[in-house]
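The entries follow in the order in which I looked things up.

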Amino acid sequence: MTVDGADPSVSEQAGLADIGLRLDQLTDLFRRRLAEDRVKAAAFEELRAEIKFARAGLSNMVVRPLALGIIGVIDRIESNSEPDDGFIGSLVEELLDVLSTVGVVQIEAVGVVDPRLHAVQSVSGGSGHLVVEQLIRRGFTIENAVLRPAHVTAIRLEPSE
């Protein structure tokens with residue numbers, strides 16, 4: 001029945017059937033596209049994971065040994081030079097800049113001792129938490145992995161400090 005009470009004509013019924021068929025086709029197309037998008041998204045995630053794994057492998061094969069070699073040179077320079085030698089200091093800074101360009105980050109040697117990042121050589125003071133007192137040898141990380149911990153001396157602060 002139509003609004004005015006008359007029976008819909010055959011052509012109107014055919015038109016409604018056609019609209020229903022087109023709606024079903026569009027719904028099916030929409031569902032297939034959503035499924036394809038999910039598959040593509042999963043493929044992109046897998047590709048991202050593979051790239052991350054490949055980068056880590058490249059880092060371990062190439063960058064890590066090179067970085068450790070440069071770190072060794074820095075250690076030799078610092079242990080065999082005067083602390084206030086401007087040329088030597090600038091040379092060390094240049095080597096640190098080279099390391100930073102390949103993702104090697106120097107570990108901060110301040111604040112509370114983090115056993116994952118700091119190797120404590122000696123401890124003095126009270127019975128509280130450990131705080132870095134002095135840097136003995138620089139430490140470095142690459143892609144959140146410790147290349148070498150920072151060697152430090154620490155002091156125990158009293159809880160009130």
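**Entry 1**

**Entry 2: basis of the values**

I note that this is a predicted model, in which local features need pLDDT of at least 70 and side-chain atom pairs count only at pLDDT 80 or more, while totals for chains, interfaces and linings use all residues. Residues are numbered from 1 along each chain as its sequence is written, and side-chain values use heavy atoms, with hydrogens and water left out.

I then examined Ile74, which lies in helix α1. Ile74 counts as buried because its relative accessibility is 1% (buried is under 20% relative accessible area, exposed over 50%, partly exposed in between; 1.4 Å probe, protein chains only). Apart from neighbours within four places in sequence, Ile74 is in contact (heavy atoms within 4.5 Å) with Val92, Leu95, Leu96, Leu99 and Arg138. With the same exclusion, Leu99 touches Ala67, Ile70, Ile71, Ile74, Val104 and Phe140. I also checked Leu130, 56 residues from Ile74 along the chain: the two C-alpha atoms are separated by 27 Å.

**Entry 3: fold and overall form**

I counted 2 helices and 6 strands in the protein chain; these are DSSP runs, helices being H or I of at least four residues and strands E of at least two, numbered from the N terminus. Their order along the sequence is α-α-β-β-β-β-β-β. The radius of gyration is 33 Å, well over the 15 Å that the globule rule gives for 161 residues, so the protein chain is more spread out than a compact globule. I took this radius over C-alpha atoms, the rule being 2.2 Å times the number of residues to the power 0.38. The C-alpha trace spans about 105 × 45 × 25 Å along its principal axes. Of the 161 residues, 22% count as buried. Among contacts between residues at least 6 apart in sequence, 59% join residues at least 24 apart.
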